[in-house]
Amino acid sequence: MHTDAHRTTGPPTTPSAPEMAMVPTSVGRASREWDEQHVHLRAAAGQVAEASTAGFTPPVAHAAAAFLDAWTAHTAAIAQGCEVQADAMRAAITDWLDRDAGSAARGWALLGFVEELR
């Protein structure tokens with residue numbers, strides 16, 4: 001853009017806005033991966049919960065049981081976080097599809113105005 005004292009020529013120099021795009025199939029694959037992580041972590045939490053402290057002396061068994069309880073809760077919480085993430089990604093896909101369907105319907109409605117009637 002060229003500017004002199006009295007006039008401006010050329011296209012305006014406005015910074016371009018950031019573009020945000022979503023590829024639904026990529027988001028879908030990622031949501032399935034989060035689901036898989038959820039399944040694996042839930043299984044791990046179950047395995048930790050079922051671990052035995054029978055081989056320890058009573059004072060150590062108490063500490064080991066507390067450790068297992070803490071790790072069971074921690075692993076289950078991480079698993080739940082994975083499920084929440086997967087659900088949010090599926091909701092994003094659903095929202096995108098709903099909005100895309102609305103855009104398509106509005107576009108089809110405008111087609112009648114594109115042709116000149118004589």
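Tutor: Gladly! In this predicted model, Asp35 and Arg90 form a salt bridge, and their closest N and O atoms lie 2.6 Å apart. The pair ties together distant parts of the chain, with Asp35 in helix H1 and Arg90 in helix H2 (residues 58–114), 55 residues apart.

Student: Why is the contact between Asp35 and Arg90 called a salt bridge?

Tutor: The label asks for a side-chain nitrogen of Lys or Arg within 4 Å of a carboxyl oxygen of Asp or Glu. Asp35 and Arg90 have N and O atoms 2.6 Å apart, so the pair meets that cut-off. In general, side chains of opposite charge can pair when their charged atoms come close.

Student: What makes Arg90 and Glu83 a salt bridge?

Tutor: The N to O distance for Arg90 and Glu83 is 3.7 Å, and the cut-off is within 4 Å, so this pair qualifies too.

Student: How do you know whether Glu83 is buried or exposed?

Tutor: Glu83 has 18% relative accessibility. Buried means under 20%, so Glu83 counts as buried.

Student: And why is Arg90 called partly exposed?

Tutor: Arg90 has a relative accessibility of 30%. The partly exposed class runs between the buried limit of under 20% and the exposed limit of over 50%, so Arg90 belongs there.

Student: Where is Asp87 found, and how far is its N to O contact with Arg90?

Tutor: Asp87 is found in helix H2, and its side chain meets that of Arg90 in a salt bridge at 2.5 Å, N to O. Asp87 and Arg90 are 3 residues apart in helix H2, so about one helical turn separates them. With a relative accessible area of 38%, Asp87 is partly exposed.

Student: Which residues are linked in a network of salt bridges?

Tutor: Asp35, Glu83, Asp87 and Arg90 are linked in this way. Searching the whole structure gives 4 salt bridges.

Student: How do you know how confident the predictor is in helix H1?

Tutor: Look at the mean pLDDT: helix H1 (residues 24–50) has the highest among the elements of the protein chain, 95, while strand E1 (residues 2–3) has the lowest, 52. The chain as a whole averages 84, with 78% of the residues scoring at least 70.

Terms used
Residues are numbered from 1 along each chain as its sequence is written. This is a predicted model: local features need pLDDT of at least 70, side-chain atom pairs count only at pLDDT 80 or more; totals for chains, interfaces and linings use all residues. Side-chain values use heavy atoms; hydrogens and water are left out. pLDDT is the predictor's confidence in each residue, from 0 to 100. Helices (H or I, at least four residues) and strands (E, at least two) are DSSP runs, numbered from the N terminus. Buried means under 20% relative accessible area, exposed over 50%, partly exposed in between (1.4 Å probe, protein chains only).
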